Amino acid sequence: MRKSQLIYQYVRRNGPVSKQDIVFGLKLSLPTVSNNLQYLMELGVVETPTKIENTGGRNAVAYAGASQARIAIGIYLTKNHMTAVSVDLNGQVIVKEKVRTRFNLEDEEYLKKIGELVESVKRKTDVSDEQLLGVGIAVQSLVSEDGEDVTYGMTLNFTGATRKRIAKYVPYRNRLFHDSEMSGHAEAWIDGTLKNAFYLSLNNSVGGSVIIDNKMYVGDTLKSGEIGHTLVVREGGEQCYCGRYGCFDTVCRATKLDEYTDGNLEEFFELLGQGDKKAAEMWDTYLNELAIGIHNIRMLFDSKVIIGGYIGAYIEEHLEELARRVDARSPFTKEKAMDYILPCKYKVESAAAGAALNYIDDFFESI
Ligand SMILES: [Zn+2]
């Protein structure tokens, strides 16, 4: 890391801090710290909002990160919605907007809506073109390394679609990202202490991503974490959207539960809370399947397992029961699943936020 980056990250994480704090904290010389602070202030990413009181009487200038000096926008396209967020340099969501619209890349009006949503979030965030670092577009598919092409988009049947078409009405720097990977990325980003983890994305399809040493592990051909297509029902399993039978996706996608409540997951969990017998049976089956999946992940990775996606938002109050079922499978009796299963931290639209955070990362690299 360059000294300018080092000093910037120190100030961003610890601010407000004085020059002396930085000198001691990073073991750098005063001139080095002064020169770099000058540069960072010219860049607009460090500001001096307050003074720090010294016991000696003279107040020291306090430096802090200007969190909204730059922002990035992320957008997530799903079957029935598009969601956009703006995030600041601390990874905090500033504005979030969600519209209900049917995914259809053939429809010019749909493409225009993408552009309009980006403009709307940008306007509400109140930033200039210069402050906007870029627009990350998270899609329910695997994406080529350069972010230009959809390489496997079977859930919504758009394999072969291009960034050029999807972002036809987005006049800012942009690229495509794989949604599950971005959700994992957002979790790793917001929790810098998260070392190794598997992010399990339980949406209307099941996906995952692998975090090693707080970085995404994408695999040799960008397909790591595709737990949705591991075979879990050997005989008589349902057909998966991939065409095969008995995939993990077929037993743990969120629709497995909300098919009971006409697609309304919130209502499903309400019924479950009220003691509805059918909902309780469905949940019991679901938890058993989920426990097997988590057990397998733990055996492979010996890492934390983050429960994300739509189900992740409801899992907290069922965590002990889930952990009990995972523990029942483990050969390591001293290990407790409650210590390694975590509900996701990013409650608001992790895929969109994760996509935006790539531009924040790029910006940090450029400082
Ligand atoms: Zn499958």
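**Figure 1. Cysteines and disulfides in the predicted model.** The count of disulfides, a disulfide being a pair of cysteine sulfur atoms within 2.5 Å, comes to 0. Cys344 takes part in no disulfide, and the nearest cysteine sulfur, that of Cys252, lies 15 Å away. With a relative accessible area of 6%, Cys344 is buried (under 20% relative accessible area, calculated with a 1.4 Å probe on protein chains only). This is a predicted model in which local features need pLDDT of at least 70 and side-chain atom pairs count only at pLDDT 80 or more, whereas totals for chains, interfaces and linings use all residues. Residues are numbered from 1 along each chain as its sequence is written, and side-chain values use heavy atoms, with hydrogens and water left out.

**Figure 2. The zinc site.** His229 (ND1), Cys240 (SG), Cys242 (SG) and Cys247 (SG) are the protein donors of the zinc ion, at 2.1 to 2.4 Å from it; donors are N, O and S atoms within 2.8 Å of the metal (3.2 Å for Na, K and Ca), and water is not among the atoms, so sites may look incomplete. The 4 donor atoms subtend angles of 103 to 122 degrees, and the arrangement is therefore tetrahedral (four donors with all angles between 85 and 135 degrees). Along the chain, the donors follow the spacing H-x10-C-x1-C-x4-C. Both Cys240 and Cys242 are buried, Cys242 having 12% relative accessibility.

**Figure 3. Helix H6.** Helix H6 covers residues 179–190; helices are DSSP runs (H or I, at least four residues) numbered from the N terminus. Its end C-alpha atoms are 17 Å apart, in agreement with the 16 Å that its 12 residues should span, the expected span being 1.5 Å times one less than the number of residues. Of the 12 residues in H6, 10 are buried, including Asp179, His185, Glu187 and Trp189.

Key: Tetrahedral: all angles 85-135°; square planar, octahedral: opposite > 155°, others 65-115°. Buried < 20%, exposed > 50% of the residue type's maximum accessible area, 1.4 Å probe, protein only. Helix = DSSP H or I, 4+ residues; strand = E, 2+ residues; numbered from the N terminus.
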